[in-house]
Amino acid sequence: MLKTLFLTLLALTIAVGGGAASVWMMLEEARPVGAVSAGPWTAFPSVGTREADPYSRARFARQGGIPLGRSEGITFTAGRDSNGRSLRRECAYRIEGPMPTSRFWTLYAAGPEGALLPPFKRRRAALHSQMVLRHSDNGFSIVVSRHPVPSNWLAVTGDGPMRLVLTLFDTPVASGARVEELSLPRITRTTCDG
């Protein structure tokens with residue numbers, strides 16, 4: 001009798017513990033299903049659709065995100081620069097290159113958990129397509145740094161890792177163009193503090 005009770009408790013412990021561990025691993029450690037990459041940028045085009053897998057939906061809901069539908073837009077994130085090095089707040093980066101066609105886009109820096117970094121003094125925490133200064137060829141260059149620079153400056157604060165989040169609104173990319181074939185801006189590290 002005692003042996004049967006012990007084996008039953010052991011089986012329940014393994015089942016519940018193993019199930020909880022597998023859910024934690026899928027939500028926290030495993031690469032999300034349906035990810036597509038374009039240079040250092042990664043997007044999940046199906047996250048706001050019926051085709052999204054349950055783990056992607058749970059991960060997105062847990063982070064407090066509101067998914068965009070295919071016709072609304074698409075969000076790209078980058079945790080590494082174009083050379084594969086992790087993005088750090090202590091370093092300065094230059095973002096330049098072609099931007100896919102869209103009616104409007106936003107760019108902001110976030111912490112590793114996805115929360116918007118606090119703004120620098122009274123400076124805005126994000127940039128958007130209507131406020132960016134452009135070159136004569138309609139291109140632009142954005143500097144992401146803790147130190148002020150002239151022209152397009154996305155200010156970051158603190159130390160540690162960060163991610164860049166680029167959202168394209170009302171874009172043909174979101175409604176069926178091949179995301180893998182996109183040409184998105186390069187992220188180049190320029191300097192690092194001490």
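**A first look around**

Start with Ser 129, which sits in the loop between β6 (126-128) and β7 (141-145). Keep in mind that this is a predicted model.

**The loop residue**
- Ser 129 counts as buried because its relative accessibility is 9%, and the cut-off for buried is under 20%.
- Leaving aside neighbours within four places in sequence, Ser 129 is in contact with Arg 103, Phe 104, Trp 105 and Arg 134.

**The nonpolar core**
- The largest nonpolar core is made up of 29 residues, and Trp 41, Phe 76, Leu 107, Ile 142 and Leu 164 have the most contacts inside it.
- Two or more residues come from each of β1 (36-38), β2 (41-43), β3 (73-78), β4 (91-96), β5 (104-110), β7 and β9 (163-169).
- Take Trp 41: not counting residues up to four places away in sequence, Trp 41 touches a list of residues including Phe 76, Leu 107, Leu 164, Pro 185 and Ile 187.

**Strands β7 and β8**
- β7 and β8 run parallel and are joined by four bridges.

- Leu 2, Leu 5, Leu 9 and Leu 12 make a nonpolar surface patch of about 430 Å².
- Of these, Leu 12 lies in helix α1, which covers residues 2-29.

Key:
Residues numbered from 1 in each chain as written. Predicted model: local features only at pLDDT ≥ 70, side-chain atom pairs only at ≥ 80, totals over all residues. Heavy atoms only, no water. Patch = residues over 30% accessible without salt bridge, like charges linked within 9 Å, V, L, I, M, F, W, Y side chains within 5 Å. Areas by Shrake-Rupley, 256 points an atom, 1.4 Å probe, with all protein chains shown as cover. Salt bridge = Lys/Arg side-chain N within 4 Å of Asp/Glu carboxyl O. Buried < 20%, exposed > 50% of the residue type's maximum accessible area, 1.4 Å probe, protein only. Contact = heavy atoms within 4.5 Å. Core = buried A, V, L, I, M, F, W, Y, C linked by side-chain atoms within 4.5 Å. Pairing = 2+ DSSP bridges.
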